[in-house]
Amino acid sequence: MIIAPSLLACDYGRFADETKRFDRSGAEWLHLDIMDGHFVENISFGPGVVKQIRPLTKRFFDVHLMCSKPEVLLEPFKQAGADSLTIHTELGDRAMELIWKIRSMGMKVGIAVNPPTSVKELEPYLGKVDLVLVMTVNPGFGGQSFIDETLPKIQQVAEWRRARGLKFNIQVDGGIKFDTAAECARAGADTFVSGSGLFAHRNLKQAVTKMRRIVQASDPALADLQCDKPSLALA
Ligand code: DX5
Ligand code: ZN
């Protein structure tokens, strides 16, 4: 299991301190939500911020590109120290080439699907990615409520992974709190992004530990997947 606090929910006046707080929390990945004001109706931060915080932790940087033109951002995020880039199925025909490009640049690659988009759109990419991100809210803003209707999509992706003997991580993102993380784990998710559900806690380490325990209790098999070298989980 991987817990990935989203920096979108941190105190923007203190990116450095918040990254150090994440580093001490025991969470494996830092989830970095990149919003361009076009693909989604919000703007977050860019490669400049990621480059500044990169020296503050050795942990895995999981970059989620909610951007209409990811092609212009691949190299800047590689240079900034991203370990993984996730793009969206909603980009249509361009997604496959982007996946190939990201991999050829030596980074891990993920494919995301928004709540209104059919889960079937993921099928062509399943054997080509390290991570499948099932969005559990409509992307753009932190602090939204989990959409229950996304649970069958997680189950479907988990079923495809099992039936085809694939190894990608199944990530959920949006409205993930202690209770919804457990529901997603039961549906087959193993990688949990949480912004307001974790960063809002004064003691981030305690919150991460609690989420891990709750998820483990709901699906003990996930305990075996725990590791502090995220690349192993993605191998
Ligand atoms: C949603 C982002 C999420 C966001 C989740 O647009 O992709 O990663 O940070 O925030 P919470 O956990 O607050 O819903
Ligand atoms: Zn995200």
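Reading burial and ligand contacts

User: Does Phe60 count as buried or exposed, and at what relative accessibility?

Analyst: Buried means under 20% relative accessible area, exposed over 50%, and partly exposed in between, with a 1.4 Å probe and protein chains only. At 7% relative accessibility, Phe60 counts as buried. The model is predicted: local features need pLDDT of at least 70, side-chain atom pairs count only at pLDDT 80 or more, and totals for chains, interfaces and linings use all residues. Residues are numbered from 1 along each chain as its sequence is written, chains are lettered from A and ligands numbered from 1 in the order in which they are written, and side-chain values use heavy atoms, without hydrogens and water.

User: In which element does Phe60 lie?

Analyst: Helices (H or I, at least four residues) and strands (E, at least two) are DSSP runs, numbered from the N terminus. Phe60 belongs to strand 3.

User: Which class does Val193 fall into, buried or exposed?

Analyst: Val193, a residue of strand 8, counts as buried because its relative accessibility is 1%. Between the C-alpha atoms of Val193 and Gln216 there are 15 Å, for a separation of 23 residues along the chain.

User: What is the relative accessible area of Glu159?

Analyst: The value is 36%, so Glu159 is partly exposed. Glu159 has its place in helix 5, residues 151–164.

User: How many residues surround ligand 1, and which are the closest?

Analyst: A residue is near a molecule if one of its heavy atoms lies within 4 Å of it. Here 20 residues surround ligand 1, and the closest are Asp33, Gly140, Asp173, Gly195 and Ser196. This shell holds seven nonpolar, eleven polar and two charged residues; Asp, Glu, Lys and Arg count as charged, Ala, Val, Leu, Ile, Met, Phe, Trp, Tyr, Cys and Pro as nonpolar, and the others, Gly among them, as polar.

User: What distance separates a backbone N or O atom of Gly143 from an oxygen atom of ligand 1?

Analyst: A polar contact with a ligand is a pair of N or O atoms within 3.5 Å. For the backbone atom of Gly143 the distance to a ligand 1 oxygen is 2.8 Å. A side-chain N or O atom of Ser6 is 3.0 Å from an oxygen of ligand 1, and a polar side-chain atom of His64 is 3.4 Å from one. By the Shrake-Rupley method with a 1.4 Å probe, ligand 1 taken alone exposes 380 Å², of which the protein buries 99%.

User: Which elements give two or more residues to the shell around ligand 1?

Analyst: They are strand 2 (29–35), strand 3 (60–66) and strand 8 (191–194). Strand 2 gives the largest share, three residues.

Notes
A polar contact is a pair of N or O atoms within 3.5 Å; within protein, one must be able to donate a hydrogen and the other to accept it, and residues adjacent in sequence count only if both atoms are side-chain atoms.
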